[in-house]
Amino acid sequence: MEKKLCPICKIEKPTDDYHRYFSKERNKYRIGNYCKRCARINANERAKKYYQEHKEKILHYQNVERKDWKLKRDKEHRKELTDRYVLVKLKQTLKGESNKNMRLFPEMIEAKRTKILTSRITKKLKNGKK
């Protein structure tokens, strides 16, 4: 059985005593840095310390990069007419209905998608574009 040294408690423990997480960069499961016990105890303190040290970077991400990403994502949803976008438009039309109720009737979503496509084509034709 593999062992790993926890940098907080300085005790070598089996890898079963560490949390596992999925790394998107490496596309595989990895072993956490801290043992389960130390991770629970010090998580809040480490988070506060990290925030204070990287406050400007975090605020920049929250205020600029995240908003840009959301705008780009929403533009793609609008262009591709994803279910998410169509549901938002349908909800605006049928005020008071919940997404849960609307998802029960996929025909409504398809009808709204068709209506949006039709209105887009009509608008292009009026403007003289193909």
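Q: How many helices and strands does the secondary structure of the protein chain come to?
A: This is a predicted model, in which local features need pLDDT of at least 70 and side-chain atom pairs count only at pLDDT 80 or more, while totals for chains, interfaces and linings use all residues. Residues are numbered from 1 along each chain as its sequence is written, and side-chain values use heavy atoms, with hydrogens and water left out. Helices (H or I, at least four residues) and strands (E, at least two) are DSSP runs numbered from the N terminus. Along the sequence the pattern is β-β-β-β-α-α-α-α-α, and the secondary structure comes to five helices and four strands.

Q: What radius of gyration does the protein chain have?
A: The C-alpha atoms fill a box of roughly 70 × 35 × 30 Å along the principal axes. The radius of gyration is taken over C-alpha atoms, and the globule rule is 2.2 Å times the number of residues to the power 0.38. A compact globule of 130 residues would have a value near 14 Å, whereas the protein chain has 25 Å.

Q: Of the residues of the protein chain, what percentage count as buried?
A: Buried means under 20% relative accessible area, exposed over 50%, and partly exposed in between (1.4 Å probe, protein chains only). The protein chain has 130 residues, and the share that counts as buried is 18%.

Q: Among contacts between residues at least 6 apart in sequence, what percentage join residues at least 24 apart?
A: A contact means heavy atoms within 4.5 Å. Among the contacts in the protein chain that span at least 6 residues in sequence, the share joining residues at least 24 apart is 28%.

Q: How far apart are the mean positions of the positive and negative charges of the protein chain?
A: Lys and Arg count as positive and Asp and Glu as negative, with His and the chain ends not counted. Each charge is placed at NZ of Lys, CZ of Arg, CG of Asp or CD of Glu. For the 40 positive and 17 negative charges, the mean positions are separated by 6 Å.

Q: Which side chain of opposite charge is nearest to Lys112?
A: Lys112 lies in helix H5 (residues 106–126). Leaving aside residues up to four places away in sequence, Lys112 touches Val86, Lys89, Leu90 and Thr93. Lys112 is buried yet has no salt bridge, which would require a side-chain nitrogen of Lys or Arg within 4 Å of a carboxyl oxygen of Asp or Glu. At a distance of 13 Å, the nearest side chain of opposite charge is that of Glu110.

Q: Is Thr15 buried or exposed?
A: Thr15 is found in the loop between strand S2 (12–14) and strand S3 (18–23). Beyond residues up to four places away in sequence, Thr15 touches Glu2, Lys3, Arg20 and Ile31. Lys4 is 11 residues away in sequence and 6.1 Å away in space, C-alpha to C-alpha. Because its relative accessible area is 7%, Thr15 counts as buried.

Q: Is Asn27 buried or exposed?
A: Asn27 is in the loop between S3 and strand S4 (28–35). Although not a glycine, Asn27 has a positive phi of about 55 degrees. Because its relative accessibility is 58%, Asn27 counts as exposed.

Q: What relative accessible area does Leu81 have?
A: Leu81 sits in the loop between helix H2 (55–80) and helix H3 (83–93). Leu81 is not a glycine, yet has a positive phi of about 55 degrees. Leu81 is buried, because its relative accessible area is 5%.
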